[in-house]
Amino acid sequence: MGGIRLVACDLDGTLLRPDETVSDRTRAALASARDAGITVVLVSGRPPRSIGPIAERLGVGGIAICANGAVVWDLDAGTMVDSSPLAADLAARLVHALREAIPGALFAVELEDGFGREAGWSQGVVPVAPGALEADALELISGPVSKLLVRHPSMAFAEVAERARRAVGDDAVVTWAGLRLVEISAAGVTKAFALERLCRRLGIVADEVVAVGDMPNDLAMLDWAGTAVAVANATPEVLEAADEVTAANTDDGVALLLERILARNGGSYA
């Protein structure tokens with residue numbers, strides 16, 4: 001992994017521990033990577049309002065890729081750099097198709113300027129953003145949609161995911177970062193889509209990029225990067241797709257990875 005210029009790192013289940021913290025070792029490794037001139041890009045399904053406070057705690061600035069690639073965010077300025085949302089009319093058509101395919105499905109909508117969900121969405125299972133709107137999904141789609149979220153209170157997740165994929169077809173991207181929610185983005189929009197566009201602007205090629213993740217929504221990014229790394233707690237398909245496996249998120253897996261990159265780049269770490 002010598003010559004690495006950028007590390008694209010998923011957050012939940014990868015960089016963050018289950019309580020959304022990191023160890024002092026990980027924080028030090030992130031700082032050492034920055035000091036060595038390596039760009040660390042946080043890449044997550046989370047929206048900017050959620051990533052910002054986490055990035056501040058981690059001491060990571062610069063650009064973050066949010067909402068599975070639909071939003072590129074400047075953490076330092078607190079402004080949007082790029083956006084690739086679902087058009088409102090398409091999002092509404094998808095809601096109709098998904099309701100027919102998955103009777104009883106519940107929806108939430110990530111908009112560029114907020115979040116809304118249907119009644120019963122959380123039921124003590126899914127955290128709800130402060131100030132979130134509550135209405136029928138079709139009423140919530142008042143403009144472009146960064147991400148459409150679908151869950152079912154009783155149907156097995158694998159069945160929900162398969163029905164969603166069939167209903168959506170090629171009109172959008174269906175993925176997930178856990179076994180609770182199906183996440184739907186505009187056609188072609190993935191973490192890899194946004195990462196490739198960012199690297200092109202920075203003059204960085206795929207061979208100079210390491211990507212690390214744990215869930216199916218990381219697969220496209222892992223496939224694009226020159227080096228794909230899975231944390232040990234990743235799903236089987238992510239472990240299979242990776243070029244190498246680092247330790248679990250609870251065992252400083254990303255810190256170990258950054259330390260190896262710095263050593264092979266000829267740098268040092270704290």
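Helices (H or I, at least four residues) and strands (E, at least two) are DSSP runs numbered from the N terminus, and two strands pair if DSSP finds at least two bridges between them. The model is a predicted one, in which local features need pLDDT of at least 70 and side-chain atom pairs count only at pLDDT 80 or more, while totals for chains, interfaces and linings use all residues. Residues are numbered from 1 along each chain as its sequence is written, and side-chain values use heavy atoms, with hydrogens and water left out.

Within this sheet, strand β9 (residues 145-151) is largely enclosed by the rest of the structure, because 7 of its 7 residues are buried; buried means under 20% relative accessible area, exposed over 50%, and partly exposed in between (1.4 Å probe, protein chains only). Strand β6 (residues 106-111) runs antiparallel to β9 and is joined to it by 6 bridges, with Arg-151 of β9 as the bridge partner of Leu-106. Strand β11 (residues 182-186) is also antiparallel to β9, through 3 bridges. Here Leu-149 stands opposite Glu-183, and Val-150 opposite Val-182.

Contact means heavy atoms within 4.5 Å; axes are lines fitted to C-alpha atoms, for helices over the stretch in contact, and angles run from 0 to 180 degrees between N-to-C directions.

The largest nonpolar core has 86 residues, and those with the most contacts inside it are Leu-86, Leu-98 and Ile-184. Helix α9 (residues 253-264) contributes the largest share of this core, 6 residues. A second, separate core of 7 residues includes Ala-108, Ala-132, Leu-149 and Leu-181. Such a core is a set of buried Ala, Val, Leu, Ile, Met, Phe, Trp, Tyr and Cys residues joined through side-chain atoms within 4.5 Å. Beyond four places in sequence, the residues touched by Leu-86 include Val-145, Leu-148 and Ile-184.

Ile-65 lies in strand β3 (residues 63-66) and counts as buried because its relative accessibility is 0%. Among its contacts beyond four places in sequence are Val-41, Val-43, Ile-51, Ala-194 and Leu-198. The C-alpha atoms of Ile-65 and Leu-198 are separated by 9.1 Å, although the residues are 133 apart along the chain.

Grid points are joined across faces, edges and corners, and a volume is the space filled by probe spheres set on the points. The count comes to 1 cavity of 30 Å³ or more. The largest cavity has a volume of about 50 Å³, and α9 gives the largest share of its lining, 3 residues. The second largest pocket has a volume of about 180 Å³.

Technical notes: 1 Å grid on protein atoms, 1.4 Å probe; cavity = no way out; pocket = protein on both sides within 12 Å on 5 of 7 lines; lining within 4 Å.
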